Amino acid sequence: MPAQVVASIENPNLLPTPPMGFNNWARFMCDLNETLFVETADAMASNGLLEAGYNRINLDDCWMNYQRAENGSLEWNITKFPRGLPWLGEYVKSKGFNFGIYEDSGNLTCGGYPGSLGYEEIDAETFAAWGIDYLKLDGCNVYPTEGRTLQEEYEYLYGHWHEILRKMDNPLIFSESAPAYFSITDNYTDWYTVMGWVPEYGELARHSVDVLVYSGEGSAWDSIMTNYRYNTLVARYQRPGYYNDPDFLIPDHPGLSIDERRSQFALWASFSAPLIISAHVPDLPSEDIDFLTNRALIEVDQDPKAEQATLASRDSNLDVLTRSLADGSRLLTVLNHGNQPSQTDIPLDVLGISPDCTFKAEDLWDGSTHTIKGHIRVKLNTHATGVYKIPLSHECSTVIPTGIIFNTASGKCLTGSKSIAQFETCNGKRSQIWQVESSGVLRPLSEQTKCLTGSGKAVSLEACKERSSQKWSYATTGNLKNGESGTCLTEGEGLGVCGFEVNNQVFGLPSGVNLS
């Protein structure tokens, strides 16, 4: 097992579970003011959101003046916040909330306001004096200085903030946006590199593009699916104290159906992702409040194991995800991303549990329970998501990490058929669903007597013999290294010399696989 990943005070207990709350950006962007936050806090305190755990009120960009004060400190816009941010902080705290703020690591924020570059210490002191305990640090207007690449410049700036926060008596929770600036590229090496260091500096990181804002053009559902897809690529980085952040929940976006709004919430909860609402909360209808306060799904999101759900199976219509919970239960999440209703039977061995045992599956949407053996039947509307909790009895408690092995750049699935192992378009077949044993042996569900084998530069399926050539180690870098040759699985080449987080050597594996 790797050394414990540390957060901004080298203590993952600073944020033991993902944050929940409100942020104005996706709904209001720069149209923020004191009244908005007062009315939002009042509404959340009365409509059940605060009681359900949404206990953070966070300001985003455009809250400040365009110029710093003479002493270098930031000042709030007195037209937008006539009673000041310290007053607003005290108000939301009186209601039971924590108070968070936005800044940028460059010389300007994304909205053109003063960034923190060169003022990091004074900004940290200012925020603490205002009663703030959460900082979202964006990455607009960052430029490489002499001797550093752009990626190294981000690492330097966020590392500098990490050191400042680490030394504070009461460190701020540190939300990092650096990875998002490296996600839109054909070559993911820098993105993987940034994702590798952000868990060492803070508690959560925005890893990809912004979710569609309320006034933006395009499909809100497609935007959610884009962020969902990025989140499936980075599960290996998450653990208690650090959380991958696929951006805000947008339940009042007019482009979303009720099934799509519920799906975003269910998927984010299955990921143990931050649940930060960006909506006009006072006007949220009861049907939205009902799913946002679903106790069973919030318990999944806040599960102390913080294991991110990973892909057990994927085809052109359905994604099947699974993970383990702290109480030993197995979670099943099924997304119908196709354009037609779907009914399917999911074999239990796809979830890493015995198909020979009888279980009780709880539907986390309505609380109903169903006896299952061999498979579980799932029926979904288009763009709907089902979530089930499956407690495991003592006699049937064994879980083998099971799911697809996919290249996170190409999206293709490792496929084992007869003696051939190669990457193909994901199709949901059992030849693409792999059991990952604690010994490092990989075997497809379709051929249980055969194991993934490395020989020279080739990979194949051969009869399982527990040889070192059939044992693999998995690193946080995403490399699958062969135990005999020390070379790495390489899409399109079989085995190759292990490179530095190159596209064709980085893979997603099932949750529960021990990293080395």
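At which residues does UniProt place the feature "domain: Ricin B lectin"? The UniProt record, an unreviewed entry, puts this feature at residues 400–510; such annotations may be inferred rather than shown by experiment, and feature names are shortened, with positions in the numbering used here. The structure is a predicted model, in which local features need pLDDT of at least 70 and side-chain atom pairs count only at pLDDT 80 or more, while totals for chains, interfaces and linings use all residues. Residues are numbered from 1 along each chain as its sequence is written, and side-chain values use heavy atoms, with hydrogens and water left out.

The span 400–510 is 0% helix and 41% strand, and its end C-alpha atoms lie 9 Å apart. Helices (H or I, at least four residues) and strands (E, at least two) are DSSP runs numbered from the N terminus.

Six disulfides are present in the structure, a disulfide being a pair of cysteine sulfur atoms within 2.5 Å. With bonded cysteines counted along the chain, the pattern is 1-2, 3-4, 5-6, 7-8, 9-10, 11-12. One of the disulfides joins Cys-413 to Cys-426, with an S to S distance of 2.0 Å. Cys-413 belongs to strand E19 (residues 413–417), and Cys-426 to the loop between strand E20 (420–424) and strand E21 (434–436). The link is right-handed, with 95 degrees about the S-S bond. Cys-413 is buried at 0% relative accessible area, and Cys-426 is buried at 12%; buried means under 20%, exposed over 50%, and partly exposed in between (1.4 Å probe, protein chains only).

Cys-488 and Cys-498 are also bonded, their sulfur atoms 2.0 Å apart. Cys-488 is buried, with a relative accessible area of 0%, whereas Cys-498 is partly exposed at 27%.

The largest nonpolar core has 107 residues, and Tyr-54, Trp-63 and Phe-265 have the most contacts inside it. A nonpolar core is a set of buried Ala, Val, Leu, Ile, Met, Phe, Trp, Tyr and Cys residues joined through side-chain atoms within 4.5 Å. Helix H7 (residues 189–201) gives the most to this core, with seven residues. Ten of the 13 residues of H7 are buried, so the helix is largely enclosed by the rest of the structure. The buried residues of H7 pack against elements including helix H6 (150–166), strand E5 (173–176) and helix H8 (220–232). Beyond its neighbours within four places in sequence, Trp-63 is in contact (heavy atoms within 4.5 Å) with residues including Leu-32, Trp-76, Phe-127 and Trp-130.
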